[in-house]
Amino acid sequence: MKKHSRLLFSALLLQLIGIAAFAQTAKNDLSLSVSYFNNNNQLHYLVAHAKSKIDGKFQMIPNINVSFYIGSETPANLLGKGVTNNKGECLVLIPPAAKQEWNKSAKPGFIVVSQTTKQFDESKGTLDVTKAKIQIDTAADRKVTAVLLELKDTVWTPVKGVDVKIAVKRLGGDFNIAETPTYATDSLGMVSAEYKRDSLPGDAKGNLIIVAKVEDNDLYGNLSSEKMVPWGKYYPYKSEFDKRTLFARRGKSPIWLELMAYSIVAAVWAVLFFLFGQIRKLKRLGI
Amino acid sequence: MESIAKQKIIEDLLPQKFGKAGKIWVGALLVVCAIGFFAYCRQLSKGLVVTSMRDYASWGIYISNFVFFVAISLVGSLITAVLRLSDVHWSTPLTRIAEIIAVSAITFASIIIIVDMGRPDRFYNLFIHGRLQSPIVWDVIVITTYFFVSLLLLYFPMLPDLAILMKFKEKTGAGLNKMYSFLGSFWKNTPEQIHISEKAINLLSITIIPVAFAIHTVTSWLFATTYRPGWDSTNFGAYFISGAFLVGAGGVVVAMFVFRKAYHLEKYITDSHFDKMGKVLVLLALLYLYFNVNEFLVPAFKMKKPEEEHLLGLFTGEFAPVFWFAITTAMIIPILILLFKKGRKPLPAFVAGCLVVIGSWFKRYLIVTPTLLHPFLPMQDVPASYRHYFPSWEEWAIAIGSLAGALLIITIFARIFPIIPIQETITETEQHEHEKA
C-alpha cells in the first residue's frame with residue numbers, strides 16, 4: 001500500500017514538472033526585422049518591426065525592448081535602444097557618434113536585438129544595405145528628374161533598373177504627379193516625369209513639395225529626396241466664424257431664413273391683427 | 001321656424017350646472033391636478049434629479065406629453081376648418097368641442113414644456129436669446145400663433161351664442177352673465193355684424209390649416225433635424241400630422257359620447273355623427289398605419305447596423321410590449337371596430353376613440369424615449385440607471401396632472417358656454433325646414 005502511494009506521488013510530481021516545463025516552452029516566436037531610411041540624404045534612421053504569429057495570424061507586438069547595432073553586436077557599436085509601439089515599431093536615428101563605423105564600409109550592416117520577455121525569447125534581426133542616394137531636380141517646364149546613385153568603393157555610380165516613385169507630398173501620403181506612379185531608372189540612373197496636376201492647394205505661397213522615393217528596396221532600403229516648387233495654388237482659408245450660417249450664434253442666421261421666417265410670421269400675424277380689428281369693428285357696430 | 005322649436009333648442013343647449021357626477025368628476029380632476037402641482041413643487045425645489053431623466057434619456061414623458069398635446073390640438077383645424085371649408089354641415093355640432101379640445105391641449109403643451117425645464121425661471125431667455133436657426137424657436141413662435149388662432153376660432157362663432165346666453169340671466173346666474181356681457185354684449189345680430197363675423201371665421205379657417213400643419217411639422221422637426229436612429233427620417237412631418245389628426249378625431253369621438261351622455265344631447269349629437277366620425281377615424285387610422293409601415297418597415301428591411309439595436313428594441317426587445325400595444329390599440333383594433341356599421345354606433349365608437357387616444361399617448365412615448373436610449377456611440381462608463389428609463393412618481397403625477405388640467409379646462413368651458421353652437425344649430429335647422437317646405 002505504502003509502495004503504491006509512493007508511486008502515485010512520484011507520478012503526480014512528474015506530471016507537475018512536465019506541466020511547468022511545457023508552460024516554460026509555450027512561448028511564441030518573435031520575428032524581428034529592421035528597415036533603413038534615408039531622407040533627403042541627411043536624416044538616416046532605422047525602424048525595427050516586431051511581430052509574432054498568434055492564433056494563426058501575424059500580430060504586431062508592442063512593448064518589446066530592442067537594441068540597434070551597426071557592424072557587430074558590441075557595446076561600442078550600439079546605435080540606440082527603444083521600445084516597440086502599438087504598431088510593433090521602434091525608431092532609432094543613426095547618431096553622429098556612429099560616423100566612424102558608418103564610413104568603414106559602402107555596405108554597412110545593422111543588427112537589432114530584442115530582450116527576453118515572459119512571452120518571447122530573445123530575437124535578432126539583421127540588415128545589410130548598400131549606401132545610395134537620390135538627387136531630385138526640377139525644370140521650369142514642370143519636368144521632374146531624379147537620379148539614383150550608389151556608392152561603389154568611394155565613387156557614386158548611377159544605378160539602372162530600380163523603381164523610383166515621383167509624387168507630390170500631401171498630408172495623408174503621396175499623390176502621383178502624373179498617371180504613372182513609378183519610373184524605372186535608365187543607364188544614367190535617371191528617371192524623369194512631367195508634373196500634370198492643376199491647381200493643387202499649396203502653402204501660403206502656393207508651394208508644393210515634390211518627392212522622389214525608392215521604397216523597400218532589398219539593396220538600398222528606403223530612400224527619399226524632396227524639393228519645394230511653386231506649382232501649387234494658394235487657397236486662402238475662409239473662416240465661417242461669425243458669418244451668417246445655420247450654425248452661427250443668435251442674430252447671425254442666414255438672410256434667406258430670416259426673410260422666410262419673418263415673412264411667414266408677419267403674414268399670419270397680420271391676419272390675426274386684422275381679426276382683432278374686426279372685433280373692435282363689431283363692438284363699434286353694436287354700440 | 002316656430003319660436004317654440006327655437007326655444008327648445010336654446011333650452012337644450014344652454015350650459016347646465018354640474019350634477020352629482022359632474023361635481024365628483026371636477027373634484028377628482030382637481031385632486032389629480034393638486035398632486036401634479038405638489039410633485040412639480042418637489043421638482044422645483046430639488047431639481048430635475050427627482051425625475052428618472054438622465055444624460056441619455058433627457059426627454060421622457062414630459063416631452064411625450066408635449067407631442068401628444070400638440071397632436072390632439074390639431075383636431076380644431078380638422079373639424080372646424082377643413083370640414084367647414086369643404087361645406088360639410090354635419091360637423092356643426094362638433095366644432096366647438098373640437099375647438100375647446102384644441103385650446104386646452106395647446107395651453108398644456110406650452111405648460112408641459114416649461115415643466116420639462118430644469119430652470120423655468122430662465123424661460124424668458126428663450127425669447128431674449130433664441131436663435132432663429134433652431135427648430136425650438138420655430139416651435140415657440142408657431143405654438144403661440146396657433147393658440148391665438150384657435151382662441152379666435154372659438155370666440156367668433158360664439159358671439160351670437162353669448163347674446164342668447166345674456167337673455168337667460170336667471171338660468172345662468174349673475175356672475176356668468178357679467179362675463180357673457182363683457183365678452184359679447186356688443187353683438188346685436190345685425191346683417192353687417194353677421195357678415196363681418198362670417199368673413200372672419202372663413203379667414204380663420206383658411207389661416208388655421210397651414211398654421212396647424214406648421215405646428216406639428218415643426219414639432220416633428222425637433223426630432224428629425226437631429227441625426228439619431230428612429231428620428232433620421234424625411235417622412236416625419238407627414239407621419240406626425242397623420243397621427244395628430246387620428247388622435248384628435250379620436251378625442252372628439254370620446255368627447256362627443258361623454259357630452260351627449262352627460263347633457264342628454266342625443267337630438268343634436270346623433271348616431272349619424274358617430275357613424276360619420278367613425279368613418280373619418282378609420283380613414284385616419286389607415287393613413288397613420290401606412291406611415292407607420294413606412295417608418296418601421298423600410299429601416300427594418302435595410303437593418304443598418306447603428307439602427308439595429310433601436311429597431312430590435314422596439315420589435316422584440318424591452319420596448320416591444322409598449323410598441324405592439326400602441327400599434328394595436330391606436331390603429332388596428334379601432335380600424336377593426338369602426339369598419340363595420342355596428343361598430344360606428346355611439347358606444348363602440350367611444351371605445352374605439354378611447355383606444356386611439358390611449359394608444360396614441362404611448363406611441364408618442366415610443367417616438368421620444370427609445371431613440372435617446374440607443375445612441376450611435378455605445379454607452380460606456382455610465383451608471384446602470386442611465387441605460388434605462390422608467391418615469392419617477394413625480395413625472396407620472398405631473399404628466400397625469402397636466403392631462404387632468406386639460407380635461408378640467410374642457411369641463412369648465414362646457415359648464416360656462418354652450419358646447420354645441422346654439423345660433424348655428426338654429427340657423428341650420430331653419431334652413432333645413434325651409435328646404436323641406
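# A tour of two domains and two chains

Start in chain B: between domain 1 of chain B and domain 2 of chain B, the count of salt bridges is zero (a salt bridge is a side-chain nitrogen of Lys or Arg within 4 Å of a carboxyl oxygen of Asp or Glu). Before you go on, note that this is a predicted model, where local features need pLDDT of at least 70 and side-chain atom pairs count only at pLDDT 80 or more, while totals for chains, interfaces and linings use all residues. Residues are numbered from 1 along each chain as its sequence is written, chains are lettered from A and ligands numbered from 1 in the order in which they are written, and side-chain values use heavy atoms, leaving out hydrogens and water.

**Stop 1: the domains of chain B**

Select 1–227 + 390–430 of chain B for domain 1, then 230–239 + 270–375 for domain 2; such bounds come from an automatic or database domain assignment. Their C-alpha centres lie 24 Å apart. In contact here (heavy atoms within 4.5 Å) are 25 residues from domain 1 of chain B and 20 residues from domain 2 of chain B.

Together these two domains bury about 2100 Å², with 79% of it on carbon and sulfur atoms. Buried area is the accessible area (1.4 Å probe) that two parts lose on being put together, summed over both. Now pick out Phe68(B), Trp90(B) and Phe223(B): in domain 1 of chain B they lose the most area to domain 2 of chain B, together 27% of what that side buries.

**Stop 2: where chain A meets chain B**

Show both chains. Here 28 residues of chain A are in contact with 27 residues of chain B, and the area buried between the chains is about 2300 Å², 78% of it from carbon and sulfur atoms.

**Stop 3**

Zoom in on Cys33(B): the nearest cysteine sulfur belongs to Cys41(B), 13 Å away, and Cys33(B) is in no disulfide.

Finish at Cys90(A). Is Cys90(A) buried or exposed? Cys90(A) counts as buried because its relative accessible area is 4%, and buried means under 20%, exposed over 50%, and partly exposed in between (1.4 Å probe, protein chains only).

Terms used
Disulfide = S-S within 2.5 Å.
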